Amino acid sequence: MLTLAQLSKLWGDPISAGSVNLNDQLGRVCTDSRKLIKGDFFVPLKGKSFDGHSFLDKVYEMEAQATLVDRESSFLVPRELTHWLVDDTLIAYQQLALLNRLELRFPVVAVTGSVGKTTTREMIRATISSLGEILSTRENNNNDIGVPSTLLEGSISHVAAVIEMGMRSRGEIARLSDCTKPDIAVITNVGTAHIGRLGSREEIAEAKCEITSSLKSNGVVIIPAFNTLLDDVLKKRWHGRVVRVCLEETLCNYSNKNKSFLQSNNNSLLTARLNLEKGFLEVEGHLLRIPLEGRHNALNFLLAVAVARELRVPMESFDNLTVSTPKGRNNRIKVGEINILDETYNSSPEAVKAALELLISKPGRHFAALGTMHELGEHSLSLHKEIAEYVVKSSLDGLVIISQGIEAEEMYSVAKVLPKIIVVSSPEDAVIPLKEWLQPGDNLLVKGSRSVSMERLVKLF
């Protein structure tokens, strides 16, 4: 357990008019004054509409153990509240998390990528669960605040950690890597999610590869094979070991020159034979049931298997794995005789294509209710057109587009060859045409960006 004395090594001696014993163990770290209890160590964070320093009086009254204070803060600190002055309380919070991570010394797996982060995180957690208690990111706590919060929950009862890292701008994943110091880094893919913020897929690849900034020198990066953009960027940032994974059907499409590169120097390759119909992967002679449906989840599972191999988890322990996914991800709902694929959590071009591929693999007719995809910037129209073309290629029986923008016009102009198609302005408006179209045995995909609130449509069913 951390002690207050270790904090003094980071930030110097604390300021206090009262008595403080630096040999005391650090209390529970809390960033929300509403949840603070006696003996907690308080970290006041600053946001666009709040400043935790404004609650220092309350924190003192609640008998907090101590707190951090930004040097530039204009709020008065209660005279007898023990505190350390720091340049930035958020960075200090991350330093505190790193201190706890290094104290516990368990292996840490970091996961990032344009899509599939959360699903892959949960698959990794499941595949290594036979080792003991696993510390893992919950829900979408994958940012500057969520990652240190998870690390600070680590205790001697944990044997490993799986930490998801999200990204909204360049530099964020580097900061998260710095406070995590992972042993294994997993990049699920490089797609177009957030391209509106970063401008190009090249910039997205650069941002994802920041995960290696504090990867241990004897660590390993695990990525899908044959992603040329990811390979090119990764080579510039990381000179250690790389494990690539791929399905054998993909491997057949590449030359022997490509294949030999994957097994030279610090590179190795893990392949698997996929039986999608029966839901199995054959890996190194082991027949493994894929815990979630779809080709994209088979590849996510193979990434998890590669992590488990690094941690020497026997594949025999993967039998009958159960993977829990958050609401709106990989959720299958039966409403009467209608099969709904609830993928409402968020959306990006790559995620929509993967969901459509899963949809059309189902027996029966296929319909989709697609909300627009956001944060695509100047690429928005072309990427929505690309999805419409994919919908036509998939030969859907019907499509409802939920949008109030020109993206809907673009999609409609391409997909109007479908038997049934309509544009509506809200998830609620989509219910009427869908209930007219759908019959027993039909399949419906519901997906859209978070701000479109496509889950409202699912609730109405």
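In which sense do strand S14 and strand S15 pair, and over how many bridges? In this predicted model, S14 (residues 331-335) and S15 (residues 338-343) pair in the antiparallel sense. Five bridges join the two strands. Asn 331 has Asp 342 of S15 as its bridge partner. S14 and S15 form a hairpin with two residues between the strands. In this hairpin, Gly 336 adopts a positive phi near 65°.

Parallel pairing is found in an open sheet of four strands. Their order is S1-S2-S3-S4. Strand S1 (29-30) and strand S4 (83-86) stand at the edges. Each has a single partner strand, so one side of each is left without a neighbour in the sheet. Within the sheet, S2 (residues 41-42) and S3 (residues 66-70) pair over two bridges, in the parallel sense. Phe 42 lies opposite Thr 67 in S3.

Helices pack on this sheet. Helix H1 (residues 4-11) touches S2, S3 and S4. The direction of H1 makes about 25° with that of S4. Helix H3 (residues 89-104) also packs on the sheet, touching S1, S2, S3 and S4. Its direction makes about 135° with that of S3.

H3 also packs with helix H6 (residues 172-180). The two axes are 7 Å apart, at an angle of about 40°. H3 is therefore oblique to H6. From H3, the contact is made by Ile 91, Gln 94, Ala 97, Leu 98 and Arg 101. H6 contributes Arg 175, Asp 178, Cys 179 and Thr 180. By class, this contact has four nonpolar, two polar and three charged residues.

Conventions:
Residues numbered from 1 in each chain as written. Predicted model: local features only at pLDDT ≥ 70, side-chain atom pairs only at ≥ 80, totals over all residues. Heavy atoms only, no water. Pairing = 2+ DSSP bridges. Contact = heavy atoms within 4.5 Å. Axes fitted to C-alpha atoms, helices over the stretch in contact; angles between N-to-C directions. Parallel < 35°, antiparallel > 145°, perpendicular 65-115°, else oblique. Nonpolar A, V, L, I, M, F, W, Y, C, P; charged D, E, K, R; others polar.
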